[in-house]
Amino acid sequence: MNNIIDIYNILLKIYGFQYWWPIVIDGKSRYLEEFSKRERTSEEIFEICIGAILTQNTAWKNVEKALINLKTKTNLDIKKIQNLDMTTLAELIKPSGYFNQKSKKIKAFLNFINDELKGDIIKIKNYTTEKARNILLSVWGIGRETADSILLYAYDKPIFVTDAYTRRIFSRVSLIKGELEYDLIQKMFHENLPQDSNIYKEYHALIVAFAKDTCKKEPSCDKCCIRNLCNI
DNA sequence: CGCCAGGTTGTTG
DNA sequence: CAACAACATGGC
């Protein structure tokens, strides 16, 4: 009896595999099955990192527009983006909102790639999860959820991504008491699931799907697939 | 029109 | 440390 695993299985059955993280191909975000079966290329890693920054408190649809702009203009080439001035970069990512903040964050991340990684974005792959997380968190503009999204989806590190949806859903089913710390919520998932990055990837994506579709701010409990486990 | 979206940082008591 | 403000566009 493990509610964390039970809920995963139910969500997987209802919503199916989500195949996160999406990559822009032919002008559209695509979620491809093959992404769960091979490592990400350095180009894909970079795109995931940028997308993770752009999606902070922002709908993916808007991020997609920004990523398409960046891809069209720079082919998401690190050097080309580095050579853009702030105003141009901000203009390209405008649809994702907070464009001044986010262009600063992207610049900070590019500096990090140059200075800490000597231009080699793959380098993090060889770090321990803990070291990789700490080094990402040291970058201005990268907080815990962004760092963990990058670690899990770009570098395939077994670390669970927690977000506002996770809080909402698991508070409602009373697996989270009150306002639990990010790291404590994450710990709960780590302790109740196999240490398997593919499960972490799917579970977080399923949480997002479920939160958008049913466990919304105003929940649609009548069609909820886990209502028998819930207390509201 | 109002609300919300795959958060993070900075400021204040 | 908690509470709160600031950051901003676009979809529904």
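In this predicted model, a polar backbone atom of Asn100 sits 2.6 Å from a phosphate oxygen of DNA strand C.

**DNA strand C**

- The residues surrounding DNA strand C are Asn57, Asn62, Lys65, Lys94, Pro95, Gly97, Tyr98, Phe99, Asn100 and Gln101.
- Sugar or phosphate accounts for 56% of the atoms of DNA strand C within 4 Å of the protein, and bases account for the rest.
- The side chain of Tyr98 reaches a base: one of its N or O atoms is 2.3 Å from a base nitrogen of DNA strand C.
- Two elements, α3 (60-74) and α6 (99-115), each give two or more residues to the surface near DNA strand C.
- The most comes from α6, which gives three residues to the surface near DNA strand C.
- Sorted by class, the surface near DNA strand C consists of five polar, three nonpolar and two charged residues.

**Thr58**

- Thr58 is found in the loop that runs between α2 (42-54) and α3.
- The relative accessible area of Thr58 is 16%, and the cut-off for a buried residue is under 20%, so Thr58 counts as buried.
- A polar atom of the Thr58 side chain is 2.8 Å from the backbone oxygen of Gln56.
- If neighbours within four places in sequence are left aside, Thr58 is in contact with Val63, Ser96, Tyr98 and Lys102.
- Tyr98, one of the residues in contact with Thr58, is also among those that surround DNA strand C.

**DNA strand B**

- DNA strand B is surrounded by 24 residues, and the closest of these are Trp21, Gly141, Glu145, Tyr165 and Lys212.
- Of the DNA strand B atoms within 4 Å of the protein, 68% are part of sugar or phosphate, while the rest are part of bases.
- Tyr31 has a polar side-chain atom 3.1 Å from a base oxygen of DNA strand B.
- At Gly141, a polar backbone atom is 2.8 Å from a phosphate oxygen of DNA strand B.
- At Ile142, a polar backbone atom is 3.5 Å from a phosphate oxygen of DNA strand B.
- The elements giving two or more residues to the surface near DNA strand B are α8 (144-154), α9 (164-172) and α11 (197-213).
- Among the elements, α8 gives the most to the surface near DNA strand B, namely three residues.
- The surface near DNA strand B has six charged, seven polar and 11 nonpolar residues.

**Cavity**

- The protein has one cavity of 30 Å³ or more.
- The volume of the largest cavity is about 100 Å³.
- The largest cavity is lined by 14 residues, of which Cys215, Cys221, Cys224, Cys230 and Ile232 are the closest to its centre.
- By class, the lining of the largest cavity is made up of 10 nonpolar, two polar and two charged residues.

How values were computed:
Residues numbered from 1 in each chain as written. Chains lettered and ligands numbered in written order. Predicted model: local features only at pLDDT ≥ 70, side-chain atom pairs only at ≥ 80, totals over all residues. Heavy atoms only, no water. Near = heavy atom within 4 Å. Polar contact = N/O pair within 3.5 Å; in protein donor to acceptor, adjacent residues only side chain to side chain. Helix = DSSP H or I, 4+ residues; strand = E, 2+ residues; numbered from the N terminus. Nonpolar A, V, L, I, M, F, W, Y, C, P; charged D, E, K, R; others polar. Buried < 20%, exposed > 50% of the residue type's maximum accessible area, 1.4 Å probe, protein only. Contact = heavy atoms within 4.5 Å. 1 Å grid on protein atoms, 1.4 Å probe; cavity = no way out; pocket = protein on both sides within 12 Å on 5 of 7 lines; lining within 4 Å. Points joined across faces, edges and corners; volume = space filled by probe spheres on them.
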